[in-house]
Amino acid sequence: MRIAVLLAVALMAVGLASVRAQQWDTISYTVTIGSLTLDLGQEGQVELRIVDIGGGAGAWTIDVTYDPDIVSVVECAAAGNSVCDADRTPNSLRVTGASATGLVEDTTLATITFRCAEAGTGPLSLSLLVFGVGFTVLEVDLLDGAITCKALRGDVNADGEVNSIDAFHLLQFNAGIIELLPDQLPVPEDWYKPGDVNDNGVLDAQDALLILQFHARLIDEL
Ligand SMILES: [Ca+2]
Ligand SMILES: [Ca+2]
């Protein structure tokens, strides 16, 4: 009888140990989001991933903050036991999810499609809003990303197209017909990088001519 009781106690202990093994004292993981370089008007995808998991990730809520002046969200496709609210605020989306057994392998939580709206670089900043379950200690690294939207060469008004309107702006500017004040967009400084298509450091009629030739497909590139 004593042996049986001891065996039963031993089996209970084993059983408790196996249960406790699913309730990690410390859970660690890294949340990452990709980076992109796109042309104005172009779309691209980044993945929100959870990687390097120690223990098991049971619940997560992650906000991705972006610069709406530079990019817009086209789609947020959730995966990995997650859902995505892409319209949460004008400058952030939320990916939230849970797993009964806990994620233990690198997992993509969402694939997010952005479109470049303005030239510049905007961060993709991550923040985590679920800090653990019960007494579990959570150790999380967040690796932010960024999206760089390149100004198209020749696109001085930054509308994503290179056409005669850009040449028109350059000609007016070069002739002194238009006066651009600092609070007007685009200011001349912003024009140099896309507008100086012959890379001679000045904006003039030569640049406008090249833009017109490009728009008319007389030349293949600027
Ligand atoms: Ca343009
Ligand atoms: Ca030039």
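Among the contacts in the protein chain with a separation of 6 or more, 70% are between residues 24 or more positions apart. The model is a predicted one, and in it the chain holds four helices and 11 strands. Of its 222 residues, 29% are buried.

**The six-stranded sheet**

Six strands form an open sheet with mixed pairing, and their order is β2-β11-β9-β4-β7-β6. Strands β2 and β6 each have a single partner strand and stand at the edges, so one side of each is left without a neighbour in the sheet. From one strand to the next, the twist averages 20 degrees.

At one end of this order, strand β2 (residues 36-39) runs parallel to β11, with four bridges between them, and Leu38 has Cys149 as its bridge partner in β11. Strand β9 (residues 120-128) also pairs with β11, here in the antiparallel sense and over five bridges, and the bridge partner of Gly120 in β11 is again Cys149. Strand β11 (residues 145-150) has a covered face made of Gly145, Ile147 and Cys149, whereas Ala146, Thr148 and Lys150 make up its uncovered face.

Towards the other end, β7 is paired with strand β4 (residues 57-65) in the antiparallel sense over eight bridges, and Thr65 has Ser92 as its bridge partner in β7. Strand β6 (residues 82-89) and strand β7 (residues 92-103) are likewise antiparallel, with five bridges, and a hairpin of two residues joins β6 to β7. Thr89 stands opposite Ser92 in β7, and Ser92 is also the partner of Thr65.

| Strand pair | Sense | Bridges |
|---|---|---|
| β2 and β11 | parallel | four bridges |
| β9 and β11 | antiparallel | five bridges |
| β4 and β7 | antiparallel | eight bridges |
| β6 and β7 | antiparallel | five bridges |
| β3 and β8 | antiparallel | eight bridges |

**The five-stranded sheet**

A further open sheet has five strands in the order β5-β8-β3-β1-β10, and its pairing is mixed. Its edge strands are β5 (71-78) and β10 (137-143), each of which pairs on one side only. Neighbouring strands of this sheet are turned against each other by 20 degrees on average, direction ignored. Within the sheet, strand β3 (residues 43-54) and strand β8 (residues 107-116) are joined in the antiparallel sense by eight bridges, and Glu43 has Arg115 as its bridge partner in β8.

**Helices α2 and α4**

The axes of helix α2 (residues 164-174) and helix α4 (residues 205-215) come within 8 Å and cross at roughly 170 degrees. An angle over 145 degrees counts as roughly antiparallel, and α2 and α4 are therefore roughly antiparallel to each other. On the side of α2 the contact involves Ser164, Asp166, Ala167, Leu170, Leu171 and Asn174, which meet Ala205, Asp207, Ala208, Ile211, Leu212 and His215 in α4. By class, the residues of this contact of α2 with α4 comprise seven nonpolar, three polar and two charged.

An α-helix has 3.6 residues a turn, so residues three or four places apart point the same way. The buried residues of α2 are Asp166, Ala167, His169, Leu170, Leu171 and Phe173; among them, Asp166, Ala167, Leu170 and Leu171 also take part in the contact with α4. Just after α2, Gly176 takes a positive phi of about 75 degrees.

Note on methods:
Residues numbered from 1 in each chain as written. Chains lettered and ligands numbered in written order. Predicted model: local features only at pLDDT ≥ 70, side-chain atom pairs only at ≥ 80, totals over all residues. Pairing = 2+ DSSP bridges. Axes fitted to C-alpha atoms, helices over the stretch in contact; angles between N-to-C directions. Parallel < 35°, antiparallel > 145°, perpendicular 65-115°, else oblique. Contact = placed C-beta atoms within 7 Å. Nonpolar A, V, L, I, M, F, W, Y, C, P; charged D, E, K, R; others polar. Buried ≥ 20, exposed ≤ 12 C-beta atoms within 10 Å, placed from the backbone.
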